[in-house]
Amino acid sequence: MSLSIRNQFPGTVTAVTPGEAMATVRVRLAGGQDLTAAITREAADDLGLTPGTAVRALVKSTEVALATTPVGGLSIRNRLPGTVTAVAAGDAMASVRITVEGGELTAAITKDAADDLRLSAGTPVVALIKSTEVSLAVG
């Protein structure tokens, strides 16, 4: 199956915390970072997620926010430090390629935001991804 989701990270489940309706799943990515996914408990059960399960974490590029300075006071669990490798801007939107430990990711942000952050190749950034925006795939 081919997907249009730009950001696909291989990893291994390290913890599953089931709740009434939702479960949080901690994944250790190939680069060593931890990523948290908040998925339905039913999905976690259907996928058979347990510590040691190999997964692929999927994040749409439109769900990646970027920061160029330290950010505090946010509930966003996933913060991946990296460096901008390329910026392709159109009239309204910009596609930003970022190298992170063990891989690359893409963020689709407004052109105005890219301009305000003065993003260019070499700019250090932190990719911010809400745990509810992380999907998991097995197999």
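**View 1. Hairpin of S2 and S3 in the predicted model.** Four residues lie between the two strands of this hairpin, and Gly32 has a positive phi near 100°. S2 covers residues 22-29, and strand S3 covers residues 34-40. The two strands run antiparallel and are joined by seven bridges.

**View 2. Pairing of S1 with S2.** Strand S1, residues 7-18, is antiparallel to S2, with seven bridges between them. A hairpin of three residues connects S1 to S2. Val13 has Val27 in S2 as its bridge partner.

**View 3. The two faces of strand S2.** In a regular strand, side chains alternate between the two faces of the sheet. The covered face of S2 holds Ala23, Val25, Val27 and Leu29. Met22, Thr24, Arg26 and Arg28 make up the uncovered face.

View 4. Thr106 counts as buried because its relative accessibility is 6%, and buried means under 20%. The side chains of Thr106 and Arg97 form a polar contact of 2.7 Å. Leaving aside residues up to four places away in sequence, Thr106 touches Arg6, Asn7, Ser61, Val64, Ser95, Val96 and Arg97.

Note on methods: Residues numbered from 1 in each chain as written. Predicted model: local features only at pLDDT ≥ 70, side-chain atom pairs only at ≥ 80, totals over all residues. Heavy atoms only, no water. Buried < 20%, exposed > 50% of the residue type's maximum accessible area, 1.4 Å probe, protein only. Polar contact = N/O pair within 3.5 Å; in protein donor to acceptor, adjacent residues only side chain to side chain. Contact = heavy atoms within 4.5 Å. Pairing = 2+ DSSP bridges.
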